[in-house]
Amino acid sequence: MWVRTRAVVAGGVVLVLVAVIGVLYVVRQFGEGLRLPLASRTCKVQADGEVALDGDQMANAATIAAIGIQRKMPERAVVVALATAYQESGLRNLDGGDRDSIGLFQQRPSQGWGTPAQISDPRYAANRFYAALKKVRGWERMRVTDAAQKVQRSAFPEAYQKWADESQVLTRALLGHATGAVACTVGRDPVLRGTAATAALTRGLTLDWGLAASVAASDLTGLSVPVANQRGGWRYAHWLVSHASDHGLKRVRFGDLEWTARGGTWNRVTDGSPEESRVVAEVFAEG
């Protein structure tokens, strides 16, 4: 009887372990898309396809895209970077992971990616990823998953490919190929207001895009960004909306379209002449 009981217990333990391993495998393979309920996805991106994200994910995606362009990387690099961050962290700046992995790309201090504090900075992490990708010979001609794997050296080398389509949609929108393509719904109680919000947006544009000299505060509750063409305007307009939730953004206008926090969508405006030479942003006033 004792022998049989031990055998049953041992068998049960094995089954539990198999189940746990199976769950871990599924989460790793099919990933971070399982983490977020649709109800909390407050940003919609439409650019030859549709992607839904929450505010944090959208802000991280916008920063990854901007850093790629600031580094003068090809658009294909942005697709690879976004697909990698999708798989590794679900576009979230995680404070932990497998072994000592940290951040958007789950980079490891022990593998020379930087200190934990550095890797926890999305801009640093994105810069390090692009620098590593640039060193991969022929990455431009590789599948998204193969290029990502050359950098990440994951135990699941095919996992990045499933995010290629979503990453392509995000890249088209965030790099200005689509008009009014990023629309986010923002809560009624902004994190920042007034001068603090304007300062945060200005700093973000400076760090992500290198726009220190060209971003001008229009007044205490807003700023304007000069642009050379429509595509450049939509890059900045979409970046601003992507960061609306964490920067107290109330309104963004470019050309004859305007996004508002209240509506959460882009709509045509008829008052005044179209703002085609600059993107104008307004933050919530001090309340």
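# Reading a Predicted Model: Helix, Sheet and Links

Me: How should I read a sheet, and what is the strand order of the open sheet of 3 strands?

Reply: Strands of a sheet pair through backbone hydrogen bonds, and the pairing is either parallel or antiparallel. In this structure, an open sheet of 3 strands has the order E2-E1-E3, and its pairing is antiparallel. Strand E2 (50–53) and strand E3 (182–184) are the edge strands, each pairing on one side only. From one strand to the next, the twist averages 15°.

Me: Over how many bridges do E1 and E3 pair?

Reply: Strand E1, residues 43–46, pairs with E3 over 3 bridges in the antiparallel sense. Within this pairing, Cys 43 stands opposite Cys 184 of E3.

Me: What is the link of Cys 43 and Cys 184, and how far apart are their sulfur atoms?

Reply: A disulfide is a covalent bond between the sulfur atoms of two cysteines. Here Cys 43 and Cys 184 form a disulfide, with their sulfur atoms 2.1 Å apart. The pair links distant parts of the chain, since Cys 43 is in strand E1 and Cys 184 is in strand E3, 141 residues apart. The link is right-handed, with 115° about the S-S bond. The count for the structure comes to 1 disulfide.

Me: Are Cys 43 and Cys 184 buried or exposed?

Reply: Both Cys 43 and Cys 184 are buried.

Me: How many salt bridges does the structure hold, and which side chain does that of Arg 172 meet?

Reply: To read a salt bridge, look for a side-chain nitrogen of Lys or Arg within 4 Å of a carboxyl oxygen of Asp or Glu. The structure holds 13 salt bridges. In one of them, the side chains of Arg 172 and Asp 48 meet at 3.2 Å, N to O. Arg 172 lies in helix H7 and Asp 48 in the loop between E1 and E2, so this pair ties together parts that are 124 residues apart in sequence. Arg 172 is partly exposed, at a relative accessible area of 25%, whereas Asp 48 is exposed, at 71%.

Me: With which residue does Lys 44 form a salt bridge, and with which does Arg 92?

Reply: Lys 44 forms a salt bridge with Glu 50, and the closest N and O atoms are 3.9 Å apart. Lys 44 is partly exposed, with a relative accessible area of 41%. Arg 92 forms a salt bridge with Asp 54, with the closest N and O atoms 2.7 Å apart. Arg 92 lies in the loop between helix H3 (75–89) and helix H4 (116–119), and Asp 54 in the loop between E2 and helix H2 (55–70), so the pair ties together parts that are 38 residues apart in sequence. Asp 54 is buried, with a relative accessible area of 10%.

Me: Which residues are linked in a network of salt bridges?

Reply: The network of salt bridges links Arg 143, Asp 146 and Glu 158.

Note on methods: Residues numbered from 1 in each chain as written. Predicted model: local features only at pLDDT ≥ 70, side-chain atom pairs only at ≥ 80, totals over all residues. Heavy atoms only, no water. Pairing = 2+ DSSP bridges. Helix = DSSP H or I, 4+ residues; strand = E, 2+ residues; numbered from the N terminus. Axes fitted to C-alpha atoms, helices over the stretch in contact; angles between N-to-C directions. Buried < 20%, exposed > 50% of the residue type's maximum accessible area, 1.4 Å probe, protein only. Disulfide = S-S within 2.5 Å.
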